[in-house]
Amino acid sequence: MREVDPKTTKRAAAFELWMRAPMPMVTLFKTLNVTPLVRWSSKYRCKLNMLMCWSIGKAASETRQFFLLPVGEKLMEYDRLAVNTVVDIGNGEISTCDVPFSPDLAQFEKDYLELTRQVQETGRPHDAQDCMVIGTSALVQTEIDGAVNIYAGIYNNPYLIWGKIRRRGFQSVLPISFQFHHTQMDGAHAAAFLERLQRQIKGLG
């Protein structure tokens, strides 16, 4: 992680426009066909949430805007990504876990299982150092059409939220919301990321 001069990046104009905006976050909604994830999860007996997080990381790793993030009043550049997931630690309480992204699905699954188990056992969050973290929240108790996350001006990281998978004929579909800071990317970049995410999921079929 290192600070960069915004003027030397392609986000220079966006930095000037949106860094001091009272509400610089943008949210897009999309319904994904996640049938391949459901089948892969069943066939190989792996966690569906892990597969979703890996697919998000894979699509993000191919979207260069994810490697720049406004932090405070600075623009930071990262070499690595991580995907954050919410962990149930019992008694109605939750914690969070950053899982460093690896393009190797087996390695990501190993890290996901080990780190989430660590968080569950200790009750303490795990933070990935020097990674640009993509937040996620799976509200699988119910079907949701989308969500707009809070913005406090501190946590500028991109964030994806989804609920319970729905059946549509022979397919499994999942509405998701994707929130991002406008300094980090424009709507076109975000839309391209969501298309990459859908292609990544279909690639598991």
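Analyst: Helices (H or I, at least four residues) and strands (E, at least two) are DSSP runs, numbered from the N terminus. The model is predicted, so local features need pLDDT of at least 70 and side-chain atom pairs pLDDT 80 or more, while totals for chains, interfaces and linings use all residues. Residues are numbered from 1 along each chain as its sequence is written, and side-chain values use heavy atoms, leaving out hydrogens and water.

User: Which residues have the most contacts inside the largest nonpolar core, and what makes it a core?

Analyst: A nonpolar core is a set of buried Ala, Val, Leu, Ile, Met, Phe, Trp, Tyr and Cys residues joined through side-chain atoms within 4.5 Å. The largest such set has 43 residues, and Met52, Phe66, Leu160, Ile176, Phe178 and Phe193 have the most contacts inside it. Among the elements that each supply at least two residues of this core are helix 3, strand 10 (171–181) and helix 5 (187–202). Helix 3 provides the largest share, 8 residues. A second, separate core of 5 residues includes Val4, Phe15, Leu68 and Leu75.

User: How do you know that Lys74 and Glu3 form a salt bridge?

Analyst: A salt bridge is a side-chain nitrogen of Lys or Arg within 4 Å of a carboxyl oxygen of Asp or Glu. For Lys74 and Glu3, the closest N and O atoms are 3.9 Å apart, and the pair forms a salt bridge. Lys74 lies in strand 4 (residues 74–77) and Glu3 in strand 1 (residues 2–4), so the pair ties together parts that are 71 residues apart in sequence. Lys74 counts as partly exposed because its relative accessible area is 43%.

User: Where do Lys110 and Glu114 lie, and how are they separated?

Analyst: Both lie in helix 4, 4 residues apart, which means about one helical turn separates them.

User: How many salt bridges does the whole structure have?

Analyst: A search finds 9. One of the pairs is Arg166 with Asp145, at 2.8 Å from N to O. Arg166 lies in strand 9 (residues 166–168) and Asp145 in the loop between strand 7 and strand 8, so this pair ties together parts 21 residues apart in sequence. Arg2, Glu77 and Asp79 are linked in a network of salt bridges.

User: What makes a space a pocket, and what volume does the largest pocket have?

Analyst: On a 1 Å grid over the protein atoms alone, a pocket is an open set of points where a 1.4 Å probe fits, with protein on both sides within 12 Å along at least five of seven lines; lining residues have an atom within 4 Å of a point. The largest pocket has a volume of about 680 Å³, where volume is the space filled by probe spheres set on the points, which are joined across faces, edges and corners. Its lining has 28 residues, and Asn49, Thr85, Val86, Ala138 and Val140 are the closest to its centre. Helix 4 gives the largest share of that lining, 5 residues.

User: Which residues lie nearest the centre of the second largest pocket?

Analyst: They are Asp98, Cys131, Val133, Tyr155 and Asn157, out of 21 lining residues. The second largest pocket holds about 390 Å³ of space, and strand 3 gives the most to its lining, with 3 residues.

Technical notes:
Buried < 20%, exposed > 50% of the residue type's maximum accessible area, 1.4 Å probe, protein only.
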